Amino acid sequence: MASSTGEKGLIVSFGEMLIDFVPTVSGVSLSESPGFLKAPGGAPANVAIAVSRLGGRSAFVGKLGDDDFGHMLAGILRKNGVADEGVNFDKGARTALAFVTLRSDGEREFMFYRNPSADMLLRPDELNLELIRSAKVFHYGSISLITEPCRSAHMKAMEVAKEAGALLSYDPNLREPLWPSPEEARTQIMSIWDKADIIKVSDVELEFLTENKTMDDKTAMSLWHPNLKLLLVTLGEKGCTYFTKKFHGTVETFPVDAVDTTGAGDSFVGALLHQIVDDQSVLEDEVRLRKVLRFANACGAITTTKKGAIPALPSDSEAHSFLKDKKKRQTYLKFSKLCCTASPCQL
């Protein structure tokens, strides 16, 4: 529940925010694409905006270039109701860029321009510690672990949030091309594994981290640690599997015609955190948790029906309407197939 003053709990996301350039057509290579859409993104920022879109309170902590793209991204945070007191600007490095190849099934491949980008240069002394201490949930990924000084900033922020009593939420959000090697990626991603209270991985990340192609409960539980409250494995069109100390199961998702899967996992995480930030007892009640995960699955599904991450994140009313009215949901999905592909859908 909310605080005694009625104010909702704050969810703080830490990490990268960047510009995704998405091809105007799917199923072609970057070199073959006739053009690209400029779409704001970055997993932690996506989560922050997903929370705000659903009516929650969120803030973003990270570093952007002191350039047009950086100030545009900061403006997008503010426009979407995300507190930006934790945003820093670097005069010597540019805002990160990513070119995203969309396959015909809506899945993505990435090419990054960040050597170094501003997000990699965030220092511990630049952190807004007051903002971090005010978080009820502190969410982060693994990209900020790749290089210094951002890694030290990440560790400091996580430590401060934990000491202040925040629930720690970790989505590795693997981007293998950014790491020096697969071995280094596994080592660093797992280096902070036992600090998190909630961990969400995709089926692809589960296979990568365990080096096991058998996707079963035993494989997932090999990632369990004693202090973990909830482990989630997202399975794309098959929904998600959840594990707690007392129970586990699977929640199916909704059939949709995927246009672009960018941001779907972030939408899922944002929806989950928004639903539990003021009542963490949900994590110990399987019936209520399944309801929350169904809502999160709906948000993720909606996000795949439009191009770009942030433009596709649903509002609270949109998500609840999608869940409640099957006939309307089918009409909505039919319409989504007709959405304009010349620019990110704003519906």
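## Cysteines

The sulfur of Cys-240 lies 12 Å from the closest cysteine sulfur, that of Cys-299, which is too far for a bond. A disulfide is defined here as a pair of cysteine sulfur atoms within 2.5 Å, and by this rule the count is 0 disulfides. Cys-299 is likewise in no disulfide, the nearest cysteine sulfur being that of Cys-240, 12 Å away. Cys-240 is buried, with a relative accessible area of 0%, and Cys-299 is buried with a value of 0%. In this report, buried means under 20% relative accessible area, exposed means over 50%, and partly exposed means in between (1.4 Å probe, protein chains only).

## Basis of the model

The model is predicted: local features need pLDDT of at least 70, side-chain atom pairs count only at pLDDT 80 or more, and totals for chains, interfaces and linings use all residues. Residues are numbered from 1 along each chain as its sequence is written, and side-chain values use heavy atoms, with hydrogens and water left out.

## Salt bridges

A salt bridge is a side-chain nitrogen of Lys or Arg within 4 Å of a carboxyl oxygen of Asp or Glu. By this rule the count is 15 salt bridges. One of them joins the side chains of Asp-90 and Lys-63, at 3.0 Å from N to O. Asp-90 belongs to strand 5 (residues 83–90) and Lys-63 to strand 4 (residues 57–65), so this pair ties together parts that are 27 residues apart in sequence. Asp-90 and Lys-63 are both buried. Helices (H or I, at least four residues) and strands (E, at least two) are DSSP runs, numbered from the N terminus.

Lys-63 also meets Glu-126 in a salt bridge, at 3.1 Å from N to O. Glu-126 lies in the loop between strand 7 (108–113) and helix 3 (129–133), and Lys-63 in strand 4, so the pair ties together parts that are 63 residues apart in sequence. Glu-126 is buried, as is Lys-63. A network of salt bridges links Lys-63, Asp-90, Arg-123, Asp-125 and Glu-126. Another salt bridge is formed by Asp-66 and Lys-91, whose closest N and O atoms are 2.8 Å apart. Here Asp-66 is partly exposed, with a relative accessible area of 32%, and Lys-91 is exposed, with a relative accessible area of 76%.

## Surroundings of His-225

His-225 is placed in the loop between helix 7 (217–221) and strand 11 (230–234). At 6% relative accessibility, His-225 counts as buried. A polar atom of the His-225 side chain lies 3.1 Å from the backbone oxygen of Trp-193, and a polar atom of that side chain lies 3.0 Å from the backbone oxygen of Ala-196. Neighbours within four places in sequence aside, His-225 is in contact (heavy atoms within 4.5 Å) with Trp-193, Asp-194, Lys-195, Ala-196 and Ile-199.

## Cavities

On a 1 Å grid over the protein atoms alone, a cavity is a set of points where a 1.4 Å probe fits but cannot get out, and lining residues have an atom within 4 Å of a point. Grid points are joined across faces, edges and corners, and a volume is the space filled by probe spheres set on the points. The count comes to 3 cavities of 30 Å³ or more, and the largest cavity has a volume of about 130 Å³.

The lining of the largest cavity consists of 15 residues, of which Gly-42, Ala-43, Phe-110, Asn-173 and Arg-175 lie nearest its centre. Strand 2 (18–23), helix 1 (43–53) and strand 7 are the elements that give two or more residues to this lining. The largest share, 3 residues, comes from strand 7.

## Backbone geometry

Most residues other than glycine have a negative phi, and most peptide bonds are trans. The peptide bond from Asn-115 to Pro-116 is cis, with omega near -10°, and Pro-116 is in the loop between strand 7 and helix 3. The bond from Glu-148 to Pro-149 is cis, with omega near 5°; Pro-149 lies in the loop between strand 8 (137–140) and helix 4 (150–163).

Asn-173 is not a glycine, yet has a positive phi of about 50°. Asn-173 is buried, with a relative accessible area of 10%. Glu-211, also not a glycine, has a positive phi of about 55°, and at 60% relative accessibility Glu-211 counts as exposed.

How values were computed: A polar contact is a pair of N or O atoms within 3.5 Å; within protein, one must be able to donate a hydrogen and the other to accept it, and residues adjacent in sequence count only if both atoms are side-chain atoms. On a 1 Å grid over the protein atoms alone, a cavity is a set of points where a 1.4 Å probe fits but cannot get out, and a pocket is an open set with protein on both sides within 12 Å along at least five of seven lines; lining residues have an atom within 4 Å of a point.
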